[in-house]
Amino acid sequence: MADGSTPPDPEPGGPVPAVRPFLVTAGRVAPDPSGRTMPVETQVVATAEGLAVLDRLSFEQHDIVAACRIPQSIAEIAARLRLHLNVVRILAEDLRTAGQLTVHVPDSDVTHDASVLRRLIDGLRAIPDSRGVLRDTD
């Protein structure tokens with residue numbers, strides 16, 4: 001810039017990867033022929049085998065396994081690595097099949113239980129704001 005300062009970065013997270021998602025997944029749009037996909041809240045964690053072969057994995061697979069040293073959801077992985085959600089789903093399933101990730105799919109009966117959502121809302125309301133004031137209930 002004219003005043004010697006650097007222009008602001010147009011993308012705060014850095015540049016977007018130049019590789020198209022279909023190239024990363026070899027054109028696949030679902031992890032298996034049935035077309036079923038992992039829910040975004042599915043928890044994924046690296047196995048000892050996955051960590052042992054980390055240096056032999058493709059870039060994206062390497063990044064996923066490395067990020068999963070601690071349990072991560074599919075959504076968190078996609079956001080952290082700036083990868084398309086379906087790319088992460090497909091690669092996570094490939095890594096699970098190869099024994100490099102352990103996948104924990106939440107029980108769908110529990111996730112659709114309204115009482116769980118009500119307890120979550122009540123728990124959030126019980127957390128005081130920055131002034132120490134509890135939120136109003138409805």
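Biologist: Does Arg96 count as buried, exposed or partly exposed?

Modeller: First, this is a predicted model, in which local features need pLDDT of at least 70, side-chain atom pairs count only at pLDDT 80 or more, and totals for chains, interfaces and linings use all residues. Residues are numbered from 1 along each chain as its sequence is written, and side-chain values use heavy atoms, leaving out hydrogens and water. Buried means under 20% relative accessible area and exposed over 50%, with partly exposed in between (1.4 Å probe, protein chains only). Because its relative accessibility is 36%, Arg96 counts as partly exposed.

Biologist: With which residue does Glu93 form a salt bridge?

Modeller: Side chains of opposite charge can pair when their charged atoms come close. A salt bridge is a side-chain nitrogen of Lys or Arg within 4 Å of a carboxyl oxygen of Asp or Glu. Glu93 counts as buried because its relative accessibility is 15%. In its salt bridge the closest N and O atoms are 2.5 Å apart, and the partner is Arg96.

Biologist: In which helix do Glu93 and Arg96 both lie?

Modeller: Helices (H or I, at least four residues) and strands (E, at least two) are DSSP runs, numbered from the N terminus. Glu93 and Arg96 are 3 residues apart, about one turn of the helix, and both lie in helix H5.

Biologist: How far does helix H5 reach from its first C-alpha to its last?

Modeller: The expected span of a helix is 1.5 Å times one less than its number of residues. H5 covers residues 85-97 and has 13 residues. Its expected span is 18 Å, and the reach in the model is close to that, at 18 Å.

Biologist: Which residue forms a salt bridge with Arg118?

Modeller: The structure holds 2 salt bridges. Arg118 counts as partly exposed at 38% relative accessibility. With the closest N and O atoms 3.7 Å apart, its partner is Asp122.

Biologist: What is the order of the strands in the open sheet?

Modeller: Strands of a sheet pair through backbone hydrogen bonds, either parallel or antiparallel. Two strands count as paired if DSSP finds at least two bridges between them. Strand E1 (residues 43-46) pairs with E2 over 2 bridges, and E1 pairs with E3 over 4 bridges. The pairing is antiparallel, and the order is E2-E1-E3.

Biologist: Which residue of E2 is the bridge partner of Val44?

Modeller: In E3, Val44 stands opposite Val103. In E2, the bridge partner of Val44 is Gln72.

Biologist: What distance separates the C-alpha atoms of Ala78 and Val88?

Modeller: Ala78 lies in helix H4 (residues 74-81) and is buried, with a relative accessible area of 8%. Leaving aside its neighbours within four places in sequence, Ala78 is in contact (heavy atoms within 4.5 Å) with Leu83, Leu85 and Val88. Ala78 and Val88 are 10 residues apart along the chain, and their C-alpha atoms are separated by 6.1 Å.
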